[in-house]
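I opened these notes to record what I looked up, entry by entry.

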Amino acid sequence: MPKLKKSLTEREVQSLVSKSQEGMYAIGGVEGLCLRIRAGKSKYILRYTFAGTRHTLTIGDRAVMSLSEARKLALEKRLLVMNNQDPLEQRKQEILSKKKKLNRQAESRTFEVIAKQFIAERQKNGYWKYNKKNGALQSSRLLDRYVFPKIGSLSVNSLTSEIIKNLIEPIWICKTNTAQKVLTLIRQICNWAIAHNIRRAKDNPADLKASLGVLLEPLKYARKAKQNHAAASVEELPEIMSRLHELHSISAKAVEFAILTAARSAAVRFATWNEFDLEKGIWTVPLEHDKSKIQKRDRTIFLSQQAIDLLKDLYRFSESSLVFNGYKNTPMSDMTLLMVLRRLHKVRKKENQIGWIDQEKSQLLGKEFVITVHGTARATFRSWAKYDVFGNNRKFDQEAVELCLLHAKNDGYNGAYDRAPLAKERKYIMREWGKYCYSKIDFKNVSPVKS
């Protein structure tokens, strides 16, 4: 049994440390309390005997614990021994209890809780500031519909590649794009959980380059082929534009303008008057309204005279900067524009029992596909620009056609080394496109446009 030595003072203990001589030194004050110096480090140690066995218990590091604190803690441990309790066993139980508590906390942090924290953080830091479709709302809707009902209540630590595979498999075949979006979102959330030390395992169960890719590999050829947006034929377009031009609604004018400019729906719906220079015939689409988020690239659309005249005929609302005002001066939805063409289709179908459909796609897949705004504005324009019946494939610079569509150059450098704007060629293409779009409109018999 350790002998009770004379209590050393703080200065005397520091003197022992300063000598840097390795060994175990009794420092008194509490029976069995010592200072152990080893490899340049000094620790307070308590020696005691319990149930006939000698034990050594580390009290604390001299560098962070004062002598008085060490003696106080050592005395508490001595009292445990006197009460027939082993301090070492107590410490083991405390460590085990903390681990269990941490495990319970980890298990209580469900995937749904973590996912909502992930979305809130991104929203707070402006991650979706260029996403006019409300990225936070879109992500939440995907999670609410496809993820939370199946794995929302599971701990983020319990997720495995097998669980993710069972979640994704039902939509992997029939809803390819949706499955990819859901999988990307789950992967991002898991990466976030790993980075914040919430998920203990460092492997991401939603990583296609790991186990999940192997599990989904048998489904590779069972996936639904990607479908293009239904588009009007080049021959039918002038008649469609003639019908559109007769409509007076602002949504119809938005569709007409989208086709005249071969622009994406979002760019048209969110367009504001300050983006246009009608004197120069230029529309500069801002980055936040464009699909591509490459900072330094040309987003200029050259306007035909038909597009300029359409804009000049529109009424400007003083309380809104939007070109095409929706309900309560808010941007129109994509569906609002699509419904314009669907209504035209119904009228046309009563006339010829066919309507305005993508005939090639409909025949190929065996069902009716009504033309869409995106398909007609962009795919029909692209087909017209290389239409060999009209000789357009030789008439127009095909690289300039791609620039008219605001397509980024796919050369591995995003066109960084190709600065040619081809402005002259683009102006010519859009001028001819405007003439072709309006080639069946009899302006003598067209009533004034009302907005």
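**Entry 1**

I began with Asp 334, which counts as partly exposed because its relative accessibility is 43% (buried means under 20% relative accessible area, exposed over 50%, partly exposed in between, with a 1.4 Å probe and protein chains only). I note that this is a predicted model, in which local features need pLDDT of at least 70 and side-chain atom pairs count only at pLDDT 80 or more, while totals for chains, interfaces and linings use all residues. Residues are numbered from 1 along each chain as its sequence is written, and side-chain values use heavy atoms, with hydrogens and water left out.

I then found that Asp 334 forms a salt bridge with Arg 269, at 3.9 Å from N to O (a salt bridge is a side-chain nitrogen of Lys or Arg within 4 Å of a carboxyl oxygen of Asp or Glu). This pair links distant parts of the chain, 65 residues apart, with Arg 269 in helix 11 and Asp 334 in helix 13 (residues 334-352). Helices are DSSP runs of H or I with at least four residues, strands are runs of E with at least two, and both are numbered from the N terminus. Arg 269 counts as buried, because its relative accessibility is 7%.

**Entry 2: pairs within one helix**

I looked next at Lys 116 and Glu 112, whose side chains meet in a salt bridge of 3.1 Å, N to O. They are separated by about one helical turn, because they are four residues apart in helix 4 (residues 111-124). Lys 116 is partly exposed at 48% relative accessibility, and Glu 112 is partly exposed at 27%.

In helix 10 (residues 250-261) I found Lys 253 and Glu 256, three residues apart. Their salt bridge spans 3.2 Å, N to O. Lys 253 is buried at 2% relative accessibility, and Glu 256 is buried at 0%.

**Entry 3: the wider count**

I recorded a total of 16 salt bridges. Glu 239, Arg 243, Arg 348 and Glu 351 are linked in a network of them.

**Entry 4: a buried arginine without a bridge**

Which side chain of opposite charge is nearest to Arg 36? I found Glu 22, 9.2 Å away, and Arg 36 is buried yet has no salt bridge (Lys and Arg count as positive, Asp and Glu as negative; His and the chain ends are not counted). Arg 36 lies in strand 2 (residues 33-38). Leaving aside neighbours within four places in sequence, its contacts (heavy atoms within 4.5 Å) include Gly 23, Met 24 and Thr 58.
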